Amino acid sequence: LLWWKVHSAEYPNLARKAQDYLAVPGSSAPCERVFSGGVDLVTPNRNRLNGESIQSCMLLKNWWQTVLLLEPLKGKK
């Protein structure tokens with residue numbers, strides 16, 4: 001993760017994705033939240049989504065939430 005932090009200016013999109021993918025949560029609470037989010041995503045109407053589609057949707061949701069949280073902070077720099 002340190003390499004991606006150092007090179008995030010060169011590869012901003014890849015760095016964000018790598019940080020999301022490679023990060024390990026410090027407690028079980030974030031993991032439990034992710035799994036419960038998966039339950040919300042895979043409803044009886046969407047039970048045919050494959051694992052890759054579920055993972056993509058959950059990552060997109062996380063990235064979107066991160067962007068929404070960071071946008072107000074950009075103006076304060």
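How much accessible surface does the protein chain have, and what share of it belongs to carbon and sulfur atoms? Then, as the part to be examined closely, which residues do ring pairs link into a cluster?

Analyst: This is a predicted model, in which local features need pLDDT of at least 70 and side-chain atom pairs count only at pLDDT 80 or more, while totals for chains, interfaces and linings use all residues. Residues are numbered from 1 along each chain as its sequence is written, and side-chain values use heavy atoms, with hydrogens and water left out.

The accessible surface of the protein chain is about 6700 Å², and carbon and sulfur atoms account for 61% of it; such areas come from the Shrake-Rupley method with a 1.4 Å probe, and for residues only the protein chains shown count as cover. Of the 77 residues in the chain, 10% are buried, where buried means under 20% relative accessible area, exposed over 50%, and partly exposed in between (1.4 Å probe, protein chains only).

The chain has four helices and zero strands (DSSP runs numbered from the N terminus: H or I of at least four residues for helices, E of at least two for strands). Its mean pLDDT, the predictor's confidence in each residue from 0 to 100, is 75, and 68% of the residues reach 70 or more. Among the elements, H2 has the highest mean pLDDT (85), whereas helix H3 (residues 28-41) has the lowest (62). Where pLDDT is low, the predicted coordinates should not be read in detail.

We now turn to the cluster. Ring pairs link Trp 3, Trp 4 and Tyr 11. Rings of Phe, Tyr and Trp (its six-membered ring) pair if their centres lie within 6.5 Å, and planes under 30 degrees apart count as stacked, over 60 as edge-to-face and the rest as tilted. By this rule there are two aromatic pairs. Trp 3 and Trp 4 are edge-to-face, because their planes stand at 90 degrees, with ring centres 4.9 Å apart. Trp 3 and Tyr 11 are stacked, because their planes are at 20 degrees, with ring centres 6.3 Å apart.

Tyr 11 lies in the loop between helix H1 (2-6) and H2. Leaving aside neighbours within four places in sequence, Tyr 11 is in contact with Trp 3 and Trp 4, contact meaning heavy atoms within 4.5 Å. Tyr 11 has a relative accessible area of 38%, so this residue is partly exposed. Trp 3, at 47%, is partly exposed.
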